[in-house]
Amino acid sequence: MIAIIDYGMGNLRSVHKAFEAVGAQAQVTCKIPDILKADKVVLPGVGAMGPAMQKLQELALAGPIRKVIQDGKPFLGICLGLQLLFERSSEGVFSEGLKILKGSVERFSALKVPHMGWNQVTNLPIGNQMFNGLSSGENLYFCHSYFVKPQDTTITAGTTNYGADFVSAIVYKNIWGVQFHPEKSQKYGLQILKNFGAL
């Protein structure tokens, strides 16, 4: 069973329906026991890091998220869910994330924001299971004004160009993270969710 964490800031129905479409069993939940006993965990998200962290703290979900990752369970962060894994964000008042991965979240400076619509994901590492069935340069759907800057660039699993290249996917041990929305990215996004479900 895949637990999709409900903390009030995600496209929960779309993510749930997308997993159902690829034959994966998933449930939307904010209950800690459900999250801890799940085989895999997904943290979606839309919005800003500060309010998101406040919601996670109010629901006492930060600890369980860290635990399932530490326990080695497959974990997928989507959009804001990816950004929350990092140490800090420059958005608004300085915001701290879950600090699971070292690095920051920065705002696009050269072009208008949000970066919205279809864009290519390139520079896929050979043997990257996330992108099984996809080729470098496939178009996926984005909607964001901030992007992650990992301290360890070896965790980069895909990049996208919006004025300059930015990291649009990461893989680190049992953690997958994507800046795009696979649930809105039609067949290629569904393939990524299918790949995650197969872990």
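Which residues does phenylalanine 75 touch, not counting residues up to four places away in sequence?

**View 1. Contacts of phenylalanine 75.** Phenylalanine 75 touches Val41, Leu43, Ile65, Val68, Ile69, Leu85, Asn174, Ile175, Trp176 and Phe196, where contact means heavy atoms within 4.5 Å. The model is predicted, and local features need pLDDT of at least 70, side-chain atom pairs count only at pLDDT 80 or more, and totals for chains, interfaces and linings use all residues. Residues are numbered from 1 along each chain as its sequence is written, and side-chain values use heavy atoms, with hydrogens and water left out.

**View 2. The largest nonpolar core.** A nonpolar core is a set of buried (under 20% relative accessible area, 1.4 Å probe, protein chains only) Ala, Val, Leu, Ile, Met, Phe, Trp, Tyr and Cys residues joined through side-chain atoms within 4.5 Å. Among the 32 residues of the largest one, Tyr7, Phe75, Leu84 and Leu98 touch the most other members.

**View 3. The ring pair of phenylalanine 142 and phenylalanine 166.** Rings of Phe, Tyr and Trp (its six-membered ring) pair if their centres lie within 6.5 Å; planes under 30 degrees apart count as stacked, over 60 as edge-to-face and the rest as tilted. The structure holds 9 aromatic pairs. In this one the centres are 6.0 Å apart and the planes stand at 80°, so the pair is edge-to-face. Phenylalanine 142 is buried, at 0% relative accessible area, and phenylalanine 166 is buried at 3%.

**View 4. The ring pair of phenylalanine 142 and phenylalanine 180.** Ring pairs link Phe108, Phe142, Phe147, Tyr162, Phe166 and Phe180 into a cluster.

Notes. Buried < 20%, exposed > 50% of the residue type's maximum accessible area, 1.4 Å probe, protein only.
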